[in-house]
Amino acid sequence: MMRCWRVKDSWAAIIPARRLWLRHACSKLFVVGLSYDTNEIALRDAFAEHGEVVEVKVICDRSTTSKSKGYGFVRFSSEKEATIALQKMDGEFLDGRYIRVHYANKG
């Protein structure tokens, strides 16, 4: 079921509520471009200066024990902290690589 927002008594401008919620109400960030040597401690330390980090997960390749696949997730205690971290960390240099940060999609 998809809910829609009504704008000025007209249904011409319909925005799916789910997409709007994902864009503006997310405390979990998706981090891409990590070095293969980046671990959860390094990722937590990098993001912790922008807010209270609740959870960090670096996705690792099972066949090469503990080598990062180059992406991970960081969850903050609030949406505001996540937004600040996204703005500050997107495009920053971490462990020899430039990282990209996005809101994590729920799926």
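Modeller: Let's begin with V32, which stands opposite Y71 in strand 3. Keep in mind that this is a predicted model.

Colleague: How do you know that strand 1 and strand 3 pair?
Modeller: Pairing takes at least two bridges between two strands. Strand 1 and strand 3 (residues 67–76) are joined by 5 bridges, so they count as paired, and they run antiparallel.

Colleague: What is the order of the strands in the open sheet?
Modeller: The sheet has 4 strands in the order 2-3-1-6, and the pairing is antiparallel.

Colleague: What makes strand 2 and strand 6 stand at the edges?
Modeller: Strand 2 (53–61) and strand 6 (100–103) each have a single partner strand, so one side of each has no neighbour in the sheet. On average, neighbouring strands here are turned by 25 degrees against each other, ignoring direction.

Colleague: Which strands does helix 2 touch as it packs on the sheet?
Modeller: Helix 2 touches strand 1, strand 2, strand 3 and strand 6, and its direction makes about 140 degrees with that of strand 2. Helix 3 (residues 79–89) also packs on the sheet, touching strand 1, strand 3 and strand 6.

Colleague: Where is S35, and why is this residue called buried?
Modeller: S35 lies in the loop between strand 1 (28–32) and helix 2 (40–48). Buried means under 20% relative accessible area; S35 has 11%, so S35 counts as buried. Leaving aside residues up to four places away in sequence, S35 touches S68, D95 and R97.

Note on methods:
Residues are numbered from 1 along each chain as its sequence is written. This is a predicted model: local features need pLDDT of at least 70, side-chain atom pairs count only at pLDDT 80 or more; totals for chains, interfaces and linings use all residues. Side-chain values use heavy atoms; hydrogens and water are left out. Helices (H or I, at least four residues) and strands (E, at least two) are DSSP runs, numbered from the N terminus. Buried means under 20% relative accessible area, exposed over 50%, partly exposed in between (1.4 Å probe, protein chains only). Contact means heavy atoms within 4.5 Å. Axes are lines fitted to C-alpha atoms, for helices over the stretch in contact, and angles run from 0 to 180 degrees between N-to-C directions.
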